[in-house]
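Subject: Structure for your review: salt bridges

Dear colleague,

Please find the structure below, handed over for your own work.

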Amino acid sequence: MAEIRLPQLGRAIECRDGENLYEVLARENLIEGPCGGRGVCGKCRVVLDGRETLSCECAARGACEVLLPEFAGVGDIVSDGYMKAFAADKKEGFGFAVDIGTTTVVASLYDLSSGRELASVSCLNSQKSCGQDVISRIRCAGEEEGGLKRLGEKITADLNALFTQLLARCGVKAEEICGTVVAGNTTMIHLLAGRDPSSLAAAPYRPAFTGSLLLDGNALGLCVPAPVDCLPAIASYVGGDITAGVTACGITEDGPLTLFIDIGTNGEIVLAGGGEMYCCSCAAGPALEGMNISCGMRAAAGAIEEVSIKNGAFSIRTIKDGVPRGICGSGLLSAIASMLAEGVISPNGRFAAHPMVSAAEGGKRVVLDPEHGIYLTQKDIRQVQLAKGAILSGILTLLEASGRSEEEIEKVIVAGQFGAHLTTEALTGCGFLPKSLKEKIVYAGNTSKSGAAVCLLSAENRARCDRLAEGAKYIELSLKEGYEDLFVKCLRF
C-alpha cells in the first residue's frame, strides 16, 4: 500500500502501491485534467515530494507528500432554468428531474400531486476524471479496458449521492418515487445506459440507439428502483438536453423566429419559426469553461469573471470577490471584448503593437493581474477564436438553411451552465452573436433540468418532446458544402 499525505488538507489517502497518482487524486475529486490524464493539458500539475510534476505521469509509492494546485471545486452550479406555464398532471407520489451535463449533474425532487419542486441538489460529474469533454470520455469508453463500465459506475454513484440527499432532506422514501426523467447530451445517456458511444466519434456519427430510452433503476444500480425515462436526442450531438430545453422554453415551429443556443464544450443551436425547426452542433471546445487556457479555471470563487480597461490598465472582478486564482470563460470573453475595443487585439485575433502587450518566454502575452500572475497568451486568444468561429458559423448556417436573415430573429435564448455567466456585451463584443441581436438576448438558465421537470409533470409535454426530436431538421456542419470557408470567415472578431 502507498500513503499520499496532503498537508494542505490535513489528511492522507491510501491506495495501491504504484497506482497512477492522477487517478487517485481525481477519484477523490481533488484534481482535474481536461485531457483525462493523457499528459496533454498540463492542468494536473502537483508538487510531489518537493518536485513539480504532472500527476498523470507519476505513480504513488510508499509514503509521499503531495501539494495540490488551488482547485476550483464545484462553484455555483446553475440548477434553475426557465419553465413555461403549463398544466401539470395530478397524480400521487414523487419523481426526480435530472440534468446530466458533461461538467455538472443536477437533480430535483418533485411532488407529483402538486407539481411543486421540493428541493434541488447538484455536483460535478465524476466522469471528469476521464476527460473534460465528451470525446475524451468516448475514447475512454471505447479504448480503455473497463472504461465503459467505469464511466457508468461514476455517473450512477453521482445520481445515488444526489438522490440520497434529496430523499433525506424531504423525508421521502425510495419506494415513493414513481419515476425519474433524465435530460442529457447523447454521450452522457449512452454512458448512463452502458452503451458503447464509440460510433458517435466516427463518421457517419450515428448513435447506438435513437429516440427515447426507458431504463430500469434497479438494473442501473440506482438506490431508487423506479423507471428512468431518458429524453430523446435529435442527433449524435444534439441530445435530450436540447429537446428538453426547447420544450421548457415553449419554442415551436409555428412561433416567432427564435434562436436557442446552449453554449458549452459543445455548442448546440436551434432555429425555429416559419413552420420549421433546424438545428446543428458545433465543437466550441473547453476553452469557454476555462480549460485549455494558460490561467483558466472553472467558474468558482476567485475566478476572474469580468474585465475592463480604464486609463490604460486592467480592472478585474472575481466571482464572490475572492482572491484572483485564474480566469473563467465569462472573464475570458469579457477580457477579449475589452481588448478589442481598446485596440490591444486586432480583428484577426493577433496581439497588436500596444503598451499592454509584453514579450515573454514562448511568445507575447497580456498580464491581467501581475500580483497573482494571471495572463492571456496568443494561444489563449486563438482558442476563443475557434469557439467563436464554430458558434457564429453554426448560426449563419441555420439562417441560410431556413432562408431567413438575422434581422428577422425575434428572440435569442441563451441556455446552459456557461451561458448563465455571460453578458450580452461579451457575447456580441467578441462576435459570438451578431451585434444586431444584442437587445433580443434573454437568459434561460438550466433548461435541461427544467425541461426534464416539464416532461416529468406533463404527459402532453413529454409527447411533445418526442415529436420535436422526430421533426427537427439536423444539419451536419462538417458535410455542408462551403462550410470550411464560412468557418474561416467567422474566426475574425
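The notes below set out the basis of the values and then the salt bridges.

This is a predicted model, in which local features need pLDDT of at least 70 and side-chain atom pairs count only at pLDDT 80 or more, while totals for chains, interfaces and linings use all residues. Residues are numbered from 1 along each chain as its sequence is written, and side-chain values use heavy atoms, with hydrogens and water left out.

The whole structure contains 18 salt bridges (a side-chain nitrogen of Lys or Arg within 4 Å of a carboxyl oxygen of Asp or Glu). One of them joins lysine 449 to glutamate 117, at 2.8 Å from N to O. Lysine 449 belongs to helix α10 (residues 447-457) and glutamate 117 to strand β10 (residues 116-124), so this pair ties together parts 332 residues apart in sequence (helices, H or I of at least four residues, and strands, E of at least two, are DSSP runs numbered from the N terminus). Lysine 449 is buried at 2% relative accessible area, whereas glutamate 117 is partly exposed at 30% (buried means under 20%, exposed over 50%, partly exposed in between, with a 1.4 Å probe and protein chains only).

Glutamate 253 and arginine 464 form a further salt bridge, with their closest N and O atoms 3.2 Å apart. Both residues are buried.

Within helix α11, arginine 462 and aspartate 466 lie four residues apart, about one turn of the helix, and their salt bridge has its closest N and O atoms 3.1 Å apart.

Yours sincerely
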